[in-house]
Structure formats: C-alpha cells, structure tokens
Amino acid sequence: MNTHLPAALLAALFLAAPTAGGAEPGPTPPGGAPDRTTVPAAPITPTVPTAPAATSVRLTVTGPAPATTALSPDGAGPAAPAARTVTLHCDPAGGDHPRAEAACADLDATQGRVERDSATACTLLYDPVDVRAEGVWHGRPVSFARQYGNTCELNARTGAVFAF
C-alpha cells in the first residue's frame, strides 16, 4: 500500500485551491489614477473524476487452527493455521474473491467499513480467526486487522467480505 497517498492528495488540494480575492486591479492609465474596475481571474477548475474511484482491497484470513490431531509437516506438533489471501475489486466487482459482488455490496452498505453490527448469536467455542484488509475503497485507504473468536463470529461481523 502506498503510504504517501494521503500526503499527495493533500498537496494536490492545496495546489488546486484558488487564491484569496479572485480578482486583480485593472491597468493604470497613463498620467491618471489606477482604474478601479477589476478583471476577474480565470476560474481554476480542479480535476475531479466523474466516476467514483475504484476499490481494491487485499483480504487475508488466518485460521481457524486445524484439529489438534493434525500434525505439522515435520510431525513435531500441531500444524499452524493456514493463511488464505484474495484480492477484491469493486466498481465493477471482481478479483479472485469467490463472492465479489456480495462483498462489494457489504462494503458499500457500510461506507467501506469492514466490520458491522450483528445480532447473530454464536457458540462460545474458542477457535480464533485472524483477518486483515489493506487497500482502497472509493479512493479512501482501508486498513483493518482483528481476531475473532471463531468463524461464526467472523461471518456475523463481516458478512461476505471474508467469506472465502
């Protein structure tokens, strides 16, 4: 993710801002007082995209841990949870996310927030799942990381965003 993006956007806004006053005095006629009429400055038209900025978010899910009977490849202990990563594109929906349209709809419904309120009741089984989202939603940076107690809690709080 480009960490200089917010600074670059801020600098572009300052450079595109019109100056105070917006008008300059007219020319001074020979041998007389300055002309008090003003000549309007040419309007500054900032470049504004006509379509909303695209969305591209890299999503990673790690966990839940495999059953305790599963061994690591060297046979020494339990295997580590596998990490799965996909890229979600919106406007239009795509990327390698299997439910891209539903995930984009969930992000649009929450104005880009990955997590949402939920009244779903989940079991108290502790089987942790770590998730991470990094990218851009409609031109705004997205950075989200959280651990959920189990996949039920993950699905209830994030909808289709991490459903892969």
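Which residues line the largest cavity? I started my notebook with that one, and the reply is Asp106, Leu107, Thr110, Arg113, Val114, Glu115, Arg116, Thr158 and Val161.

**Entry 1: ground rules.** I am working with a predicted model, where local features need pLDDT of at least 70, side-chain atom pairs count only at pLDDT 80 or more, and totals for chains, interfaces and linings use all residues. Residues are numbered from 1 along each chain as its sequence is written, and side-chain values use heavy atoms, with hydrogens and water left out.

**Entry 2: the overall layout.** I found three helices and seven strands, in the order α-β-β-β-β-β-α-β-β-α along the sequence. Helices (H or I, at least four residues) and strands (E, at least two) are DSSP runs, numbered from the N terminus. Of the 164 residues, 25% count as buried; buried means under 20% relative accessible area, exposed over 50%, and partly exposed in between, with a 1.4 Å probe and protein chains only. I also looked up contacts (heavy atoms within 4.5 Å): of those between residues at least 6 apart in sequence, 57% join residues at least 24 apart.

**Entry 3: back to the cavity.** On a 1 Å grid over the protein atoms alone, a cavity is a set of points where a 1.4 Å probe fits but cannot get out, and lining residues have an atom within 4 Å of a point.

**Entry 4: helix α2.** In α2 (residues 100–109), I noted Ala100, Ala103, Cys104, Asp106 and Leu107 as buried. Their directions fall within an arc of 155 degrees seen down the axis, so they line one face of the helix; the arc uses directions from the helix axis to the C-beta atoms. Glu101 and Ala109 are exposed on the other side. The cover over the buried residues includes β4 (83–90), β5 (94–95), β6 (129–137) and α3 (151–158). Just after α2, glutamine 111 takes a positive phi of about 55 degrees.

**Entry 5: phenylalanine 164.** I found phenylalanine 164 in the segment after α3. Setting aside residues up to four places away in sequence, phenylalanine 164 touches residues including Leu59, Thr60, Arg84 and His97.

Notes:
On a 1 Å grid over the protein atoms alone, a cavity is a set of points where a 1.4 Å probe fits but cannot get out, and a pocket is an open set with protein on both sides within 12 Å along at least five of seven lines; lining residues have an atom within 4 Å of a point.
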